[in-house]
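I opened this notebook to keep a record of what I looked up, working from the single chains to the places where parts touch.

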Amino acid sequence: MLEAIALTLKLATLSTLVLLLVGTPLAWWLARSGAVWKEAVAAVVALPLVLPPTVLGFYLLVALGPNSPLGQAATALFGHALPFSFAGLVIGSVIYSLPFVVQPVRNAFEAIGERPLEVAATLGASPWDAFCSVALPLARPGLLTGAVLGFAHTVGEFGVVLMIGGNIPGETRVLSIAIYDYVEALEWDKAHLLAAGMVAFSFVVILVTMLTEKRLRERRA
Amino acid sequence: MSTLDAHFHGRHGAFSLDAAFSLPMHGVSALFGPSGCGKTTILRSIAGLNRMAGHLRVGDAVWQDAQRAMPAHARAVGYVFQEASLFAHLSVGANLDYAIRRAKAGNAGPTREALVDSLGLAPLLPRMPARLSGGERQRVAIARALLTRPQVLLMDEPLSALDGPARDDILGVLEALPAVSPAPIVYVSHAIDEVARLADTLVVLDAGKVMASGPTNAILTRTDLPLAHGEHAGAVFRGRIAAHHADAHLTEVDSDGGRLLVSAPAAPAGRALRLRIAARDVSIALSRPTDSSIVNHLPATVVDISPDPHPGHRLVRLAVGDTVLLARITEHSRARLALAPGLAVWALIKGVAVR
């Protein structure tokens, strides 16, 4: 049981880091680009919101499988096939949780507007300098929301994990799978413990986020 | 004398712009015109915030030519926006430090201490921008712009978002700026009173074109421009206090139009002043009156006489001293006095606004 909890936290932490690294530049581009096809990209990013996780998991399984060029490249890179491995889970989680990070971060970047960046330029800040010293700090509430939603959403995923991760203890057997197993095996007391723990954990995370975001905004108002 | 030379042309949104002008690299130059005349677009193009075709040379440095344009962050400008634009995530002090860390090396400029002192910022330093009044924010924005050590300070209607008292306060700050910072100022405005108070050089814009440019009084008194035909038409004299008569509450001023007696607060002799004389406050007499309550009489020569929007009025340009004065009189009076170009007359000045 502890192994499942540790694995879940590890997966969620790693996925959140990757999500921020990938999602922040993507959100910046979506907020600032004038490209006509950017909304098409935004729609692709948002797909996991509406698709059944099994559909996503199925295509990931196909794409990362040993018969696809992508899968062969990944196998060469990681030394083993990605499906039914922890690395595969991270990739699946990142794609599955991407809209939960990109949307709030994009909104935060758009709310900043053009002016603070123009001011930064007239004060001698290069675009990269202005991004780091003005855009990121001003978007902090959005980044926090995105990180927490991405983390919590990864902790709570089930369908994608089941499709591409399977149920390997210590490798891919995360909390949600463990709960499912306990219910299947009629070990209701353990299922109760984990399920209640998830409810409490989620509640605390969301409450703390909301309070922190409120404080961040108040400091500025 | 070193200059800022600019020529910008092209379409921007709904209008097309084709403006060329040259400004001195000292004092205050105003880009003046109605909303939508392109003055803000020109200012933004000088800063590199807009990309307009053309060329721009500031002193010895080419900032833009046909081949290339320096990016905004590489240009040594200070920019004060209409509404204060302080970084909301930084305290006032940190906003100032942001500019200092990125200041252009090699340029002269006031220090942080000098600016905090002369703009009265000390009590504001630890506060967040959201807790400042509009006038306080604009003071900080001006200080921050100067701390970048700019070669030119650009101001886009910095008073337009302020109410009465704050507006007067910042106007005072702006009048004192040339004493604080060596950077020339390019000031965008559509308010003639601001321009008359602040500008040494005036560029008049309309529909994306330069209609006239030159020293402020020369432009204000040109009767072929709309400026001389408005309600607030008038001349601006520069002067120095010659003496202050405390008993009479009057100050004697040596101006470029001649010696004038004005009501002004006591100030030491030698202090520079700016005098604004409205066209409607100037009358004309053929001989010097001795029985009038008007104290200021200047010998003048009629330069020319032009029609006024009011059909019964005429606008008379008078050469006085080294400069030009405007008088708005009735056609009836003009005919009675038989005024014509070249005639020697007396200009009777009923009111002088002192800055």
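The entries below begin with conventions and then turn to the two chains.

**Conventions.** I am reading a predicted model, in which local features need pLDDT of at least 70 and side-chain atom pairs count only at pLDDT 80 or more, while totals for chains, interfaces and linings use all residues. Residues are numbered from 1 along each chain as its sequence is written, and chains are lettered from A and ligands numbered from 1 in the order in which they are written.

**Chain A, overall.** I looked up the secondary structure of chain A and found 11 helices and 0 strands, where helices (H or I, at least four residues) and strands (E, at least two) are DSSP runs numbered from the N terminus. Along the principal axes, the C-alpha atoms of chain A occupy a box of roughly 65 × 45 × 30 Å. Of the 221 residues in chain A, 38% are buried, a residue being buried if 20 or more other C-beta atoms, placed from the backbone, lie within 10 Å of its own. I also noted that 72% of the contacts in chain A between residues at least 6 apart in sequence join residues at least 24 apart; a contact here requires C-beta atoms, placed from the backbone, within 7 Å.

**Where chain A meets chain B.** I find 16 residues from chain A and 18 residues from chain B in this contact. On the chain A side, helix H6 (115-122), helix H7 (127-138) and helix H11 (188-220) each supply at least two residues, and H6(A) gives the most, with 6 residues. The residues of that side divide into 9 nonpolar, 3 polar and 4 charged, with Ala, Val, Leu, Ile, Met, Phe, Trp, Tyr, Cys and Pro counted as nonpolar, Asp, Glu, Lys and Arg as charged, and the others, Gly among them, as polar.

**H6(A) in detail.** Which residues of H6(A) are buried? I list Val119(A), Ala120(A), Ala121(A) and Thr122(A), and the buried residues of H6(A) pack against H7 of chain A as well as helix H1 (39-47) and strand S6 (77-80) of chain B. After H6(A) comes Gly124(A), with a positive phi near 95°.

**Chain B, domains.** The domain assignment, which is automatic or from a database, gives domain 1 (3-220) and domain 2 (236-354) of chain B. Their centres, taken over C-alpha atoms, are 33 Å apart, and the contact between them takes 5 residues from domain 1 of chain B and 5 residues from domain 2 of chain B. On the domain 1 side, helix H6 (192-198) and helix H7 (216-220) of chain B each supply at least two residues, with H7(B) giving the most, 3 residues.

**Chain B, strands.** I traced an open sheet of 5 strands in the order S13-S12-S11-S14-S20 (chain B), with antiparallel pairing; two strands pair if DSSP finds at least two bridges between them. Strand S13 (258-262) and strand S20 (353-354) of chain B are at the edges with a single partner strand each, so one side of each is left without a neighbour in the sheet. S11 (residues 234-245) and S12 (residues 250-255) of chain B pair over 6 bridges, and Gly239(B) has Ser255(B) as its bridge partner in S12(B).

I then turned to strand S1 (residues 3-12) of chain B, which pairs with strand S2 (residues 15-24) of chain B in the antiparallel sense over 10 bridges. S1(B) and S2(B) form a hairpin with 2 residues between them, and Gly13(B) in the turn has a positive phi of about 65°. S1(B) is also joined by 6 bridges to strand S4 (residues 53-58) of chain B, again antiparallel, and Ala6(B) has Leu56(B) as its bridge partner in S4(B).

Definitions and conventions:
Buried ≥ 20, exposed ≤ 12 C-beta atoms within 10 Å, placed from the backbone. Contact = placed C-beta atoms within 7 Å.
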